[in-house]
Amino acid sequence: MEEQAIIDLRSDTVTKPSPEMRRAMAEAEVGDDVYMEDPTVNGLQQRAAEIFGRESALFVPSGSMGNLVCIKSLTHHGNEVICEERGHIFNYEMGSMSAIAGTVPRPIYAEDGILTWEMVKKQIRPKIYYRAQTGLISLESTHNMAGGTVYPPQVIDEICDHAHALGIPVHMDGARIFNAAVYLNSDVRTLTAKCDTVQFCLSKGLGAPIGSLVTGSREFVEKARVYRKLLGGGMRQVGVLAAAGLIALEKGPQRLIQDHRNARRLAEGLAQIPGIKVNVAKVQTNIVILDIAGTGMTSNELSAHLKEHRVLANGVTPDTMRMVTHLDVNAEMIEQALEVVARVVRPKTVGCRA
Ligand SMILES: *Cc1c(COP(=O)(O)O)cnc(C)c1O
């Protein structure tokens, strides 16, 4: 039998650049972007600003750097940053909001990762001189570790309106904001209209090999450019990467709906497998979080067994795993992955396996 291709459900960052991207990269017009002379980077930044309805945008090497330059640009040392407890900026960015931006996270747990003004307002620090002040509210849509959940637009708008009335800016960690827009049948411009800054990734579902953009006012982008340089993120003939990014930005969003369908099918299939629990109704976009406690295996063990059958998925906690769909996983591969999971978690009552 022909060996099955690897089905990589670890993340939507694992996609490989398409032949079209590689051609565009090879042929990209370039210049020195620290001098702001790379026409392809300038084109990408301009398109991102247009799509998000902002004055300006800045290309950064990673989403983590994008979030950090936003946090740094919008806050002062000693400020608190309100975020959700499982949020990316709090858990997966090396504590950079503290280590580098000098801010203190003020995490709030929210069911499904979605903060509301009701929750946020209780955590705004009173204006007393000895209290650290709330410098920023950061939202994450889709919310990665809560399972790709989407902020309802009214919830974002309400938080922004109240925060702005208190002089507090709002950042959107929109690594997967295009997935959110597709789910809502809306557009990223409308969804993020009231946020002061937005970070989004080209390198996730949109399919580029690298890169994120931050968008906001011209004044913000001028600051963000300085902080990007401070962090070592000033890049030179980087149009070779922006060329792939432009294709991802123009063509990537259209096909995310397929990833969402695949994730839904994956969740439905997983829910049928004894020992695995998935709340299918909560799978909105391309991320499935599954509870595997009933399999009698830890996520590391299950992960290792799946890998033997060429299916890759990572644990989140010992009892939970995450599976992410993307453009390099098609509907047929989802069915194959489901067969593998079913085989691997089947109760081992028939003696040793061949
Ligand atoms: C992936 C991701 C980022 C950025 O990650 P990088 O690996 O630094 O590009 C930021 N926020 C969220 C929610 C993410 O999923």
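## Basis of the model

Because the model is predicted, local features need pLDDT of at least 70 and side-chain atom pairs count only at pLDDT 80 or more, while totals for chains, interfaces and linings use all residues. Residues are numbered from 1 along each chain as its sequence is written, and side-chain values use heavy atoms, with hydrogens and water left out.

## The ligand and its shell

The ligand is surrounded by 13 residues, of which Gly63, Ser64, Asp173, Arg176 and Lys204 are the closest; a residue is counted here if one of its heavy atoms lies within 4 Å of the ligand. Sorted by class, this shell has one nonpolar, seven polar and five charged residues, where Ala, Val, Leu, Ile, Met, Phe, Trp, Tyr, Cys and Pro count as nonpolar, Asp, Glu, Lys and Arg as charged, and the others, Gly among them, as polar. Helix H3, which covers residues 63-74, gives the most to the shell, with three residues; helices (H or I, at least four residues) and strands (E, at least two) are DSSP runs numbered from the N terminus.

## Pockets

The ligand takes up the space of the second largest pocket, which in terms of the definition requires more than half of its atoms to lie within 2 Å of the grid points. Pockets and cavities are found on a 1 Å grid over the protein atoms alone: a cavity is a set of points where a 1.4 Å probe fits but cannot get out, a pocket is an open set with protein on both sides within 12 Å along at least five of seven lines, and lining residues have an atom within 4 Å of a point.

The largest pocket has a volume of about 420 Å³, and among its 19 lining residues the closest to its centre are Arg86, Met145, Ala146, Gly147 and Ile289. Strand E9 (residues 287-291) supplies the largest share of this lining, five residues, and the lining as a whole divides into 10 nonpolar, three polar and six charged residues.

## Cavities

By class, the lining of the largest cavity has three nonpolar, two polar and three charged residues.

The second largest cavity holds about 30 Å³ of space, and Arg176, Phe178 and Lys204 are among the residues that line it. Its lining comprises five nonpolar, two polar and two charged residues.

## Two backbone features

The peptide bond from serine 141 to threonine 142 is cis, with omega near 0 degrees, and threonine 142 is placed in the loop between E5 and helix H7 (153-165). Aspartate 112, although not a glycine, has a positive phi of about 65 degrees, and this residue lies in the loop between strand E4 (104-108) and helix H6 (117-121).

Terms used
Points joined across faces, edges and corners; volume = space filled by probe spheres on them.
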